[in-house]
Amino acid sequence: MNRRRTTMADVARHAGVSLKTVSRVVNQEPHVRQDLVRRVQGAITALGFRRNEAASRLARGGSVLTLGLVIENISNEFYSSLAKAVERAASAHEALVVFGSYEERADREVMLIDTMYGRGVDAMVIVPTAGDHTWLTEYLASGLTAVFVDRVPEGLPDTDAVLLDAEAGGQLATRHLLAYGHRRIALISDNDPLSSVHARAEGYRTALRAAGAAADPALCVTGLFDPWQVEQEVLRLLALPDPPTAFFVTNNRAAIGLMQALRDHPGPRPAFVGFDDFEMAGVFTPGVTVVRYDVTRLGSAAVELLLARVRDPARPSQRVTVPVELVVRGSGEVPPP
C-alpha cells in the first residue's frame with residue numbers, strides 16, 4: 001500500500017512552527033531564526049519530506065506574480081477551456097499561471113496545493129474535489145489566498161467562489177424535456193456530493209416536482225465519471241420494461257457516453273439535454289441541446305476575485321454566480337414515442 005506523501009503541513013506540525021515558516025526554510029529565504037531553521041530541518045529529516053525540485057527550479061521571479069490553477073482533468077474540454085480563460089485573464093495582469101490536474105484523486109489535490117505553496121505560489125484558483133476540505137484551513141491561515149471555481153469546498157463555507165447557476169441549469173434542461181411531453185426522464189450524473197453536481201440534480205428534481213412528475217429513483221444514476229460507464233448504464237435503462245423516454249446528463253462526458261449508447265440502439269431514440277457545451281455538439285445529427293455558459297467569464301471572474309483578495313485580505317468573502325442558458329440544437333426536441 002502506498003504511503004501518503006509527507007506535506008509541508010506535516011513538517012510544520014512536527015516542528016511546532018507555522019506553515020509559512022516551513023515554506024521560508026524550504027525556499028531558503030533569508031532572515032529566518034537559526035533555531036527555527038534547525039527545528040524545520042530536523043522535522044524534514046524525521047519525516048522524510050522531499051521537496052519537489054523540479055517545481056523549485058520554476059520558482060517565481062521577484063516581481064512576477066504567479067497564480068496556481070488546480071483542476072480535475074486537463075483532458076476534459078471544460079477544464080482545458082477554463083485553464084485557457086484563467087491564463088488569458090492572468091496575462092492581462094502580467095501574471096504567470098502554473099497548473100496541475102488531480103484526476104479525481106483527493107490525495108493528489110493535497111499534493112498539488114502543497115507543492116505549489118512550497119515553491120512560493122500563494123495565490124490559487126482551485127476546483128475542489130469532493131469531501132472535507134478543512135485541511136486547507138492551515139494553508140489559508142498561513143498565507144494561501146484561494147478562490148474556488150464551480151464547487152464550494154466542503155468544510156470551508158466562508159470562502160471566495162465563482163459558481164455556475166447550476167440549479168437553474170438543471171431546471172432549464174428538465175423543463176425543456178417536460179415541454180415536449182416527457183415524464184419518464186432519467187438523470188445521468190457524476191459525483192453527487194460535489195456541490196455543482198448536486199445543484200444540477202436538484203434543479204432536475206425541482207422541475208419534475210413542479211410538473212407533478214416526481215423523479216423515479218430507478219431512473220437516477222449517479223457516480224459515473226467515464227463515458228463507457230455512462231454508455232452501459234444508458235443501455236441498461238433503455239432495456240427496462242418501462243424505459244425512460246428522455247435523459248438529462250449533467251456533464252459533457254456523460255453526453256458523449258449517451259451518444260455512444262444511442263449509436264447502435266435499435267429502439268426509439270430518446271430525447272436528451274446535456275449540461276456543458278462541447279466543441280462537437282453542433283456537428284451531430286441531431287445536434288446536442290445543452291445548458292451552456294461562458295467559460296471565459298468563469299475564469300476571468302476567478303482571477304479578478306483572487307487578485308482582489310490579494311490586495312485586500314481582510315475583505316468579506318464573495319460569491320459570483322455565472323448565468324446559464326439553454327441552446328436548442330435538436331436532441332432535446334424529440335417527443336416521446
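Predicted model: local features only at pLDDT ≥ 70, side-chain atom pairs only at ≥ 80, totals over all residues.
The partner of Tyr-139 is Trp-135, and the two rings make an edge-to-face aromatic pair, with 6.0 Å from centre to centre and 90 degrees between the planes. Trp-135, in contrast, counts as partly exposed, because its relative accessibility is 25%.

A search of the whole structure gives six aromatic pairs, and another of interest is that of Phe-275 and Tyr-293, which is called tilted because the planes stand at 40 degrees, with the ring centres 6.1 Å apart. This pair links distant parts of the chain, since Phe-275 belongs to strand 9 and Tyr-293 to the loop between strand 10 and helix 12, 18 residues apart. Phe-275 is buried at 0% relative accessibility, and Tyr-293 is buried as well, at 12%. Together with Phe-78 and Tyr-79, these two residues form one aromatic cluster, and over the face of Phe-275 lies Arg-200, at 3.9 Å from the ring centre.

Let me turn to the sheet, which is open, has six strands in the order 7-6-8-9-10-12, and shows mixed pairing. Its edges are strand 7 and strand 12, each of which pairs on one side only. Strand 6 and strand 8 run parallel and are joined by four bridges, with Ile-188 opposite Val-249 of strand 8. Helix 8, residues 166–179, packs on this sheet, and its direction makes about 170 degrees with that of strand 9. Helix 9, residues 195–210, also packs on the sheet, touching strands 6, 7, 8 and 9.

Definitions and conventions
Residues numbered from 1 in each chain as written. Heavy atoms only, no water. Pairing = 2+ DSSP bridges. Helix = DSSP H or I, 4+ residues; strand = E, 2+ residues; numbered from the N terminus. Contact = heavy atoms within 4.5 Å. Axes fitted to C-alpha atoms, helices over the stretch in contact; angles between N-to-C directions. Phe/Tyr/Trp six-rings, centres within 6.5 Å; stacked < 30°, edge-to-face > 60°. Buried < 20%, exposed > 50% of the residue type's maximum accessible area, 1.4 Å probe, protein only. Lys NZ or Arg CZ within 6 Å of the ring centre and 35° of its normal.
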